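Please take a moment with the sequence and the three-dimensional model before reading on.

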Amino acid sequence: MTTDELERNDPFELARRAAGYIAEQTGVEQHDIGLVLGSGWGGAAELIGEPVATVNAADIPGFSAPTVEGHVGTIRSVQIPDGRRALVLGARTHFYEGKGVRAVVHGVRTAAAAGVKTMVLTNGCGGLNEDWPPGTPVLISDHINLTATSPLEGATFVDLTDLYSQRIRSIAREVDPSLNEGVYAQFTGPHYETPAEVRMARTIGADLVGMSTVLEAIAARHAGMEVFGISLVTNAAAGISSAALSHQEVIAAGQEAGPRISRLLAGIINKL
Ligand code: 8IG
């Protein structure tokens, strides 16, 4: 089982093995851009470029099948129009799955081992700003880690100043000048927040609340990659609107916004 495999082995060695398996299966030695597709972003892969190969995530060392409806368990190699190669991870492991932090960041470390220099992290999230209704994409400018853990082990003091690339945020705004940016807070989930927790998040400076991305971004920076994060607000965070939160609504908002945000993301990636 994956958890054991990751616990028993050096996670970086396992990531190199995973990258080797992907190279073998796809016939693509090196990838340039890594992409994690979160809720609502699944349609982006087709628009980014030519699909070259698809690998079942569960067959790759250290990976396992996803457990959440609406998440795709495949890893794809895509050739973007200028010839660069994107590694599209449709299989995010969430912290709340209980497989450990190593499992959460294994995809990012595998991308790094596959040669990826630019990591694009997408997600669906709750919005704290009433001006950002469900369906609004928001650039991540910074994060707050509320998971009380780190993907880094030992005395690994990584600087997270400017974690979310200014350069790529500027490119994104060239593609869509109306894009806003905000601070993303990662809660552990899998429950949504209480209204009091959402008020706390607002008080400490968050604009977006979610259950992913932060630990992956830290691991990506540790691996030396440039990081870009973009969220899709799929629901008003608890207490922001009077509506109750449901996973079905989250999926519906993602489906509704899907084609538009996929085109946006493809536009950004082609300018990187
Ligand atoms: I989609 O409102 C999605 N993911 N923590 N809160 C948290 N995660 C989320 C939410 C939300 N919506």
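In this predicted model, a nitrogen atom of the ligand is found 2.4 Å from an N or O atom that belongs to the side chain of E193. A nitrogen atom of the ligand also lies 2.7 Å from a polar atom in the side chain of N235, and a backbone N or O atom of G126 lies 3.4 Å from a nitrogen atom of the ligand. How much of the ligand does the protein bury? When the ligand is taken alone it exposes 330 Å², and 96% of that area is buried by the protein.

If you look for the place where this happens, you will find that the ligand sits in the largest pocket.

The residues around the ligand are G124, C125 and G126, then Y192 and E193, then V209, G210 and M211, then T234 and N235, and lastly L245 and V250. Sorted by class, the shell holds 6 nonpolar residues, 5 polar residues and 1 charged residue.

Which two residues are joined by a cis peptide bond? They are G189 and P190, and the omega angle of their bond is about 0°. P190 is placed in the loop between β7, residues 180–186, and α6, residues 195–203.

A148 is placed in the loop between β6 and α5, the latter covering residues 166–175, while T213 is placed in the loop between β8 and α7, the latter covering residues 214–222. Are these two residues buried or exposed? A148 counts as exposed because its relative accessibility is 81%, and the cut-off for that word is over 50%. T213, by contrast, has a relative accessible area of 0% and is therefore buried, since buried means under 20%.

T136 has its place in strand β6, which runs over residues 136–145, and with a relative accessible area of 17% it is buried. A polar atom of the side chain of T136 lies 2.6 Å from the backbone oxygen of P133. Computed along the chain in residues, T136 and R8 are 128 apart in sequence, and their C-alpha atoms are 41 Å apart in space.

R102 lies in helix α4, which covers residues 101–113, and its relative accessible area of 16% means that R102 is buried. From C-alpha to C-alpha, R102 and P51 are 28 Å apart in space, and they are 51 residues apart in sequence.

Methods:
Residues are numbered from 1 along each chain as its sequence is written. This is a predicted model: local features need pLDDT of at least 70, side-chain atom pairs count only at pLDDT 80 or more; totals for chains, interfaces and linings use all residues. Side-chain values use heavy atoms; hydrogens and water are left out. A residue is near a molecule or strand if one of its heavy atoms lies within 4 Å of it. A polar contact is a pair of N or O atoms within 3.5 Å; within protein, one must be able to donate a hydrogen and the other to accept it, and residues adjacent in sequence count only if both atoms are side-chain atoms. Accessible areas come from the Shrake-Rupley method with a 1.4 Å probe; for residues, only the protein chains shown count as cover. On a 1 Å grid over the protein atoms alone, a cavity is a set of points where a 1.4 Å probe fits but cannot get out, and a pocket is an open set with protein on both sides within 12 Å along at least five of seven lines; lining residues have an atom within 4 Å of a point. A molecule sits in a cavity or pocket if more than half of its atoms lie within 2 Å of its grid points. Ala, Val, Leu, Ile, Met, Phe, Trp, Tyr, Cys and Pro count as nonpolar, Asp, Glu, Lys and Arg as charged, and the others, Gly among them, as polar. Helices (H or I, at least four residues) and strands (E, at least two) are DSSP runs, numbered from the N terminus. Buried means under 20% relative accessible area, exposed over 50%, partly exposed in between (1.4 Å probe, protein chains only).
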